[in-house]
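Subject: Structure for you to look at

Hello,

Here is the structure I said I would pass on. Please open it first, then read the notes below with the model beside you.

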Amino acid sequence: MTTAKDIRQTGLTVITTHINADFDAVASMLAAQKLYPDAIVVFPGSQEKNLRNFFVNSMAYLFNMAEIKDIDFSNIRRLVLVDTRQPHRIGKLADLLNQKDIDIHTYDHHPAKANDVKGNYEVVRLTGATVTILTDIIRRKRIKITPDEATIMCLGIYEDTGSFTFSSTTEDDFKAAAFLLSKGANLNIVSNLISREISPEQVGLLNDMIQASTRYNITGIEVLVTSVTTDKYVPDFAFLVHKMIKMEERDAVFAVARMENKIYVVARSRIGEVDAGTILEELGGGGHSYAAAATVKGKTLAQVEHVLVDLLYKHIRSRRLAKDLMSSPPITVPASISCRQASELLTRYNINALLVKHATGDAQDNGRLAGFITRQVIEKALYHHLDHVPVKEYMTTEMATVGSESDLAEIQEKIIEHKQRILPVVDQDDVLGVITRTDLLNILVRKQHPQNAVTPDPSRVQVNARTRNIFKFMKERLSPRIVQMLSAIGKVADGIGCPAFVVGGFVRDLFLYRTNEDIDIVIEGDGIAFARKFAKLEGARIHAYAKFGTAVIIFPDGFKIDVASARMEYYKFPAALPIVEMSSIKLDLFRRDFTINTLAIRLNARKFGTLIDFFSAQRDIKEKSIRVLHNLSFVEDPSRVFRAIRFEQRFGFSIGKLTSGLIVNAVKMDFFKRLSGKRVFAELRHILEEDNPTPAMIRLHEYNLLKVVHPSIALDKELISLFNSVKKVLSWYDLLFLEESYMKWAVYFLALTRHCDRETAEGICSRFELTPRHQKIFCNERFAADRCLTGLERNPAVKNSKLYNELTGYKTELVLYMMAATDQERVKRSISQYITGLRYVHIALKGKDLKKMGLAPGPIYREILQAVLEAKLNGRLKTKNDEILFARRFAGHAQE
């Protein structure tokens with residue numbers, strides 16, 4: 001530490017950095033001290049407590065340090081600034097800048113600003129950390145450093161580069177770290193300090209920050225702004241902001257905090273469009289484009305937040321290019337198609353304009369863009385009975401286009417100035433995609449969607465997917481075999497030049513921590529060709545379905561993988577089966593039922609493990625909500641309503657308000673009448689196969705959907721009680737661990753139709769197109785089971801033999817149904833006795849034994865064996881010898 005004599009001497013050299021010094025700043029001061037060995041290190045502010053305490057307590061001997069209050073500024077002749085050149089960020093030491101005889105040296109890695117301190121000697125390079133610059137000078141000058149000094153300097157590099165993950169990291173940062181490692185830097189210490197634990201106080205503040213956050217969509221860029229207040233200074237506020245941007249997965253986060261009597265602003269940005277340093281510079285702060293901070297005095301929290309939001313709108317400019325904003329592939333039509341055909345395409349794809357191309361055989365133009373035609377023009381043509389006329393007769397041929405590298409300003413100018421509804425993106429006569437007027441408005445309009453707003457149509461609105469790599473998470477959650485298999489799929493897809501994805505319920509359940517090995521693969525290309533190649537390499541076989549572009553790969557051990565070509569579906573009328581066309585992964589996901597089923601993971605080697613979320617599926621999983629992708633979802637396929645209810649109950653989610661309203665509308669419009677009975681039964685069966693279908697049945701009743709099964713079925717207290725009884729019986733039966741399969745859904749279906757007469761039951765089975773085997777159970781055997789159960793309930797004392805004879809011959813499903821249906825505990829016990837014991841009773845006596853007794857073969861054999869079995873069931877016989885003796889007596893009586 002510095003002595004009193006040191007700070008009183010004239011010609012002092014002072015090394016300092018910015019207020020709120022981070023590890024890079026302190027490491028840079030230490031490195032500068034190696035270049036200026038007689039200098040004094042001074043912190044300019046009062047809030048570096050956590051850093052100062054660490055260094056003073058553990059490595060204070062390395063610093064020639066003094067308090068700013070103990071220094072006579074008139075004795076200072078040289079000021080060395082590290083990690084800053086901003087005068088307002090060095091506190092009271094800024095007064096030295098007005099002294100003409102001060103020699104100023106600066107070492108900094110921040111971009112130049114207009115008000116930077118002008119030094120007599122400057123070393124400025126754009127590296128990930130300032131200490132990187134100083135380390136390079138130390139290396140070239142061959143100045144010796146100790147392992148402790150190397151550790152501190154290495155700590156500065158690791159923090160300011162985010163352990164070499166920030167985009168600002170340079171080759172020089174790696175070289176500097178390697179040099180420091182060679183000098184004995186202790187990476188354990190570095191790791192412990194970089195990965196510091198969050199205190200309970202910090203956890204509380206972080207929670208407050210998240211709860212108080214507001215989302216702003218500025219030219220299509222998601223920015224979070226949060227403001228909090230705390231009575232005392234909380235260290236590592238910047239660290240909490242860094243945590244928040246990771247947790248919330250936004251493009252940028254700006255946090256405003258009032259601590260004691262000061263306002264602190266910390267910003268983190270993941271994208272170049274949001275320059276955090278430039279924005280906070282106007283608040284008196286500074287930093288990098290990706291990380292910056294400011295301290296504000298004399299303003300309230302509300303004032304600072306208001307000014308900050310204005311600055312965001314002032315400085316954030318989208319640098320997204322046409323290729324990032326366009327919808328692709330574009331939907332085009334040949335110039336020769338009729339207006340009627342064009343109208344059908346507009347309706348099918350739910351769009352308002354079509355691009356028109358010249359005929360492929362045209363010698364001059366050969367498939368080039370010819371123009372576009374709008375829905376309004378087509379509707380007028382149809383009104384005037386011109387539906388047979390080719391669209392080329394009425395299309396707009398004078399149109400603006402943009403290239404794939406065009407920026408937002410050019411896109412805006414072309415759409416607005418030319419009043420174009422649709423803007424083609426064209427490179428060298430190749431139409432790559434389109435940008436619509438709606439796309440542009442969604443980027444430019446400063447707007448938050450209210451919670452009760454209509455769900456946007458993702459097929460018409462440009463949706464930019466949220467992506468992140470989850471490879472580590474996959475390794476934690478999936479078996480090695482599955483991970484290896486997915487990796488192999490990606491490599492084979494690379495071989496044929498096609499993007500490959502695992503999609504749907506498999507990905508959804510990964511995030512719900514549920515086991516699901518039903519793998520659905522989507523190939524952007526020929527899925528069947530991929531399946532054949534992969535199956536050949538894996539020694540598997542496939543079943544292909546050319547009509548749908550799908551295939552099933554079956555491994556030797558029976559494991560299956562479903563493969564599909566990326567496709568979109570459209571419906572000719574409500575409840576129709578879909579018509580399938582080739583498409584992209586985005587449109588393939590858009591055809592799915594609910595947002596939670598739209599997650600995809602890229603499998604190609606270079607992007608393996610990249611999670612893709614076009615439709616906010618992660619948000620809905622987090623919020624436990626079932627939401628449709630567009631407002632006509634239940635019109636196109638009403639069977640989705642049953643799935644919505646099933647998923648809601650299976651996962652403990654809730655159906656979103658808009659989606660619930662759409663279900664009510666679908667019931668009101670009676671779209672279900674066009675659903676085939678087979679499809680209704682398939683969805684009902686899935687519900688009845690759930691662990692506990694009762695809540696789902698209650699929801700079906702609440703939405704008045706049980707009438708879709710049959711108008712006579714109503715969910716009353718008696719039926720709910722019966723369903724609950726079935727669940728208890730099935731749970732009991734499953735715990736017996738018997739190696740006997742049975743149809744769980746059939747037991748519930750028997751309960752559901754218990755009060756239906758034979759004619760009604762036959763009508764239901766016929767509409768559902770049940771197999772003859774199933775029809776026999778529900779239309780014949782169920783009525784016999786009901787009569788059997790009535791007899792058991794009326795007979796207070798039933799012998800085992802009687803019970804056996806009554807129940808033998810009934811399928812397991814019917815026996816379990818009877819056990820659930822009775823409200824008499826005595827009968828339940830009797831049936832359970834049959835299930836667990838009586839039905840397995842067999843006699844040792846055979847026909848050959850009777851022959852040895854001298855009995856002639858004939859009907860008497862059957863009578864004797866039946867009598868022996870009944871005696872054994874009633875506990876009168878134990879051994880085979882008992883059976884023989886009983887048979888002789890019975891035969892003797894029979895012959896008398």
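**Helices α28 and α34**

The axes of helix α28 (residues 717-734) and helix α34 come within 12 Å of each other, and they cross at roughly 30°. Angles under 35 degrees count as roughly parallel, and α28 and α34 are therefore roughly parallel to each other. Their crossing is right-handed. On the α28 side the contact is made by S725, W732 and Y733, and on the α34 side by K828, S832, I835 and T836. Please keep in mind throughout that this is a predicted model.

Helix α34 covers residues 825-836, and R826 is found in it. Is R826 buried, partly exposed or exposed? Its relative accessibility is 24%, so R826 counts as partly exposed. Leaving aside residues up to four places away in sequence, R826 touches L792, E793, N795 and P796. Of these, E793 is 33 residues from R826 in sequence, and the two are 8.5 Å apart in space, C-alpha to C-alpha.

**Helices α29 and α31**

Another helix pair consists of α29 (residues 744-752) and α31 (residues 772-794), whose axes come within 11 Å and cross at roughly 40°. That angle makes α29 oblique to α31. The crossing of α29 and α31 is right-handed. Which residues meet here? W745, A746, F749 and L750 in α29 meet H774, I777, F778 and R782 in α31.

**Helix α24**

Helix α24 has 12 residues, 640-651. At 1.5 Å a residue it should span 16 Å, and its end C-alpha atoms are 16 Å apart, which agrees. How many of the residues of α24 are buried? The count is 10 of the 12, so α24 is largely enclosed by the rest of the structure. The buried residues are R640, V641, F642, R643, A644, I645, R646, F647, E648 and F651. After α24 comes G652, which has a positive phi, near 70°.

Strands of a sheet pair through backbone hydrogen bonds, either parallel or antiparallel. Six strands form an open sheet with parallel pairing, in the order β3-β2-β1-β4-β5-β6. The edges are β3 (65-66) and β6 (121-124); each has a single partner strand, so one side of each is left without a neighbour in the sheet. Strand β2 (residues 40-42) runs parallel to β3 and is joined to it by two bridges. V42 has A66 in β3 as its bridge partner.

Helix α2 (residues 23-35) lies across β1 (12-16), β2, β4 (76-82) and β5 (103-108), and it runs at about 135° to β4. Helix α4 (residues 130-141) packs on the sheet and touches β4, β5 and β6, with its direction at about 110° to that of β5.

**The three-stranded sheet**

Three strands form an open sheet in the order β13-β14-β15, and here the pairing is mixed. β13 (332-334) and β15 (369-374) stand at the edges with a single partner strand each, so one side of each has no neighbour in the sheet. On average, neighbouring strands of this sheet are turned by 35° against each other, direction ignored. β13 pairs with β14 (residues 353-357) in the parallel sense, over three bridges. The bridge partner of P334 is K357 in β14.

Best wishes

Key. Residues are numbered from 1 along each chain as its sequence is written. This is a predicted model: local features need pLDDT of at least 70, side-chain atom pairs count only at pLDDT 80 or more; totals for chains, interfaces and linings use all residues. Side-chain values use heavy atoms; hydrogens and water are left out. Helices (H or I, at least four residues) and strands (E, at least two) are DSSP runs, numbered from the N terminus. The expected span of a helix is 1.5 Å times one less than its number of residues. Buried means under 20% relative accessible area, exposed over 50%, partly exposed in between (1.4 Å probe, protein chains only). Two strands pair if DSSP finds at least two bridges between them. Axes are lines fitted to C-alpha atoms, for helices over the stretch in contact, and angles run from 0 to 180 degrees between N-to-C directions. Angles under 35 degrees count as roughly parallel, over 145 as roughly antiparallel, 65 to 115 as roughly perpendicular and the rest as oblique. A crossing is left-handed if the near helix is turned anticlockwise from the far one by less than a right angle, and right-handed if clockwise. Contact means heavy atoms within 4.5 Å.
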